[in-house]
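Me: Please take a close look at the cross-links of this model, and at the side-chain contacts that go with them. I would like one connected account.

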Amino acid sequence: PPAPPVPQPAPPVKLLWDCAAGLTNWQQGWSDPKKAWCCQHQGRGCHPTPPPPAPPSFDCNAGFANWQAGWSEAKKTWCCQHLGKGCQAPAPPAQPFDCNAGFANWQTGWSA
């Protein structure tokens, strides 16, 4: 029996752009479509992503004796969330009834 045919290699993929050409000056020399294609397909010509801004940090010991009046809202929030300092006390729960209101007429005026 004849030998099985030898598979042929796939033809080379035609690249839309030559991402090595002009790489040293890609920011000014490449078109926006070339930048997008080369970045997506070959990781070249990508705009660097700036690092995220550093989160604010505060010295939560500075001015702590007068934190309610002296600290900014941002400092109060940060120090409360990160160190448990400068937290606003929760409001007391509302009373369900005002027992002094209508007391003089409580027998007929209050509900059962």
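Reply: A disulfide is counted where two cysteine sulfur atoms lie within 2.5 Å. Cys 80 and Cys 87 are joined in this way, with an S to S distance of 2.0 Å. The model is a predicted one, and the values below are computed from its coordinates.

The torsion about the S-S bond of Cys 80 and Cys 87 is about 110°, so this disulfide is right-handed. Buried here means a relative accessible area under 20%, exposed means over 50%, and partly exposed is what lies in between. Cys 80 has 28% relative accessibility and therefore counts as partly exposed.

How many disulfides does the structure hold? There are four. If the bonded cysteines of the protein are numbered in sequence order, the pairing reads 1-2, 3-4, 5-6, 7-8.

Another of the links is that of Cys 39 with Cys 46, whose sulfur atoms are 2.0 Å apart. The torsion about the S-S bond of Cys 39 and Cys 46 is about 115°, so this disulfide is right-handed. Cys 39 is partly exposed at 30% relative accessibility, and Cys 46 is partly exposed at 28%.

The disulfide of Cys 19 and Cys 38 has an S to S distance of 2.0 Å. The torsion about its S-S bond is -90°, and the link of Cys 19 and Cys 38 is left-handed. This pair connects distant parts of the chain: Cys 19 belongs to the segment before helix H1 (26-29), Cys 38 belongs to helix H2 (residues 32-42), and the two are 19 residues apart. Are these two cysteines buried or exposed? Cys 19 has a relative accessible area of 1% and is buried. Cys 38 is buried as well, with a relative accessible area of 0%.

Lys 35 has 12% relative accessibility and counts as buried, whereas Asp 32 has 58% and counts as exposed.

The structure holds two salt bridges. Glu 73 and Lys 76 both lie in helix H4 (residues 73-83), three residues apart, about one turn of the helix. Glu 73 is exposed, with a relative accessible area of 54%. Lys 76 counts as buried at 8% relative accessibility.

Next, the aromatic contacts. A pair of aromatic rings is described by the distance of the centres and the angle of the planes. With a limit of 6.5 Å between ring centres, the count comes to five aromatic pairs. One of them is formed by Trp 26 and Trp 30: the ring centres are 6.3 Å apart and the planes stand at 55°, so the pair is tilted. The class follows because planes under 30 degrees apart count as stacked, those over 60 as edge-to-face and the rest as tilted. Trp 26 counts as buried at 13% relative accessibility, and Trp 30 is buried with a relative accessible area of 7%.

Phe 64, Trp 67 and Trp 71 form one aromatic cluster. Phe 64 has a charged neighbour too: Lys 85 lies over the face of its ring, at 5.0 Å from the ring centre.

A last point is how far the prediction can be read. The protein averages a pLDDT of 86, and 97% of the residues score at least 70. Where is confidence lowest, and where is it highest? Helix H5 (residues 106-109) has the lowest confidence, with a mean of 78, and helix H3 (residues 67-70) has the highest, at 94. Where pLDDT is low, the predicted coordinates should not be read in detail.

Note on methods. Residues are numbered from 1 along each chain as its sequence is written. This is a predicted model: local features need pLDDT of at least 70, side-chain atom pairs count only at pLDDT 80 or more; totals for chains, interfaces and linings use all residues. Side-chain values use heavy atoms; hydrogens and water are left out. Helices (H or I, at least four residues) and strands (E, at least two) are DSSP runs, numbered from the N terminus. Buried means under 20% relative accessible area, exposed over 50%, partly exposed in between (1.4 Å probe, protein chains only). A salt bridge is a side-chain nitrogen of Lys or Arg within 4 Å of a carboxyl oxygen of Asp or Glu. Rings of Phe, Tyr and Trp (its six-membered ring) pair if their centres lie within 6.5 Å; planes under 30 degrees apart count as stacked, over 60 as edge-to-face and the rest as tilted. A charge sits over a ring if NZ of Lys or CZ of Arg is within 6 Å of the ring centre and within 35 degrees of the ring normal. pLDDT is the predictor's confidence in each residue, from 0 to 100.
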